Amino acid sequence: VCFYDGYVKNETKYVLFYVGNESPVEEYVNNTGLTWEVGAEIGALLVFAEHRYEGKSVPEIKNMTNCLSFCTVEQALADYASLIQNLQDEFGNGIKVIAIGGSYGGMLAAWMRQ
């Protein structure tokens with residue numbers, strides 16, 4: 001997970017939550033101009049979440065190696081929901097979280113609304 005709070009003024013009201021996709025976080029954090037532009041406009045905390053099994057986000061499961069059966073859409077959504085809950089616990093339930101993404105990450109962002 002990558003956080004950027006340089007646009008937050010006084011208190012966190014908005015979170016732009018970039019839903020990780022089929023790439024390591026380093027590849028998309030610097031290629032999402034809209035996220036940075038909107039974040040600056042609304043004073044948002046930017047959160048870039050890496051999808052499990054991408055980059056360095058490989059779960060450690062005792063006695064199992066490289067088990068992709070734990071790499072499902074449902075589990076990715078649960079990971080993101082858990083991260084968002086942690087953000088709400090830290091900043092309060094009143095923060096507005098806007099999930100965004102592109103490609104597969106865009107589909108995950110849309111499914112987050114359900």
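This presentation covers the aromatic pairs, the nonpolar cores and a few loop residues of one structure.

The model is predicted: local features need pLDDT of at least 70, side-chain atom pairs count only at pLDDT 80 or more, and totals for chains, interfaces and linings use all residues. Residues are numbered from 1 along each chain as its sequence is written, and side-chain values use heavy atoms, with hydrogens and water left out.

I begin with the aromatic rings. A pair of aromatic rings is described by the distance of the centres and the angle of the planes. Here, rings of Phe, Tyr and Trp (its six-membered ring) pair if their centres lie within 6.5 Å; planes under 30 degrees apart count as stacked, over 60 as edge-to-face and the rest as tilted. Searching the whole structure on that basis gives seven aromatic pairs. One of them joins Y7 and W36 in an edge-to-face arrangement, at 6.3 Å centre to centre and with 80° between the planes. Y7 sits in the loop between β1 and β2 and W36 in helix α2 (residues 33-42), so this pair ties together parts that are 29 residues apart in sequence. The elements named here are DSSP runs, numbered from the N terminus: helices are H or I with at least four residues, strands are E with at least two.

As for burial, under 20% relative accessible area is buried, over 50% is exposed, and in between is partly exposed (1.4 Å probe, protein chains only). Y7 is buried because its relative accessibility is 19%, whereas W36, at 23%, is partly exposed. W36 also pairs with F48, and this pair is stacked, with 5.7 Å centre to centre and 25° between the planes. Since F48 belongs to strand β3 (residues 45-48) and W36 to helix α2, the pair ties together parts that are 12 residues apart in sequence. F48 itself is buried, at 0% relative accessible area. Ring pairs link Y4, Y7, Y18, Y28, W36 and F48 into a cluster.

I turn to the nonpolar cores. Such a core is a set of buried Ala, Val, Leu, Ile, Met, Phe, Trp, Tyr and Cys residues joined through side-chain atoms within 4.5 Å. The largest has 15 residues, of which V15, F17, V19, V47, Y80 and L87 touch the most other members. Two or more residues of this core come from each of β2, β3, α3 (73-91) and α4. Which element gives the most to this core? It is α3, with six residues. Contact means heavy atoms within 4.5 Å. Leaving aside neighbours within four places in sequence, F17 is in contact with residues including V47, Y80, L83, L87 and I100. Apart from this core lies another, of nine residues, among them Y7, L16, Y18 and F48.

Finally, the loops. T12 lies in the loop between β1 (2-4) and β2 (14-18). Is T12 buried or exposed? At 13% relative accessibility, T12 is buried, and it touches L45, F91 and I95, not counting residues up to four places away in sequence. N10, in the loop between β1 and β2, is exposed at 87%. N10 has a positive phi of about 65°, although it is not a glycine. S103, also not a glycine, has a positive phi near 60°. S103 is in the loop between β4 (96-100) and α4 (104-112) and is exposed, at 53%.
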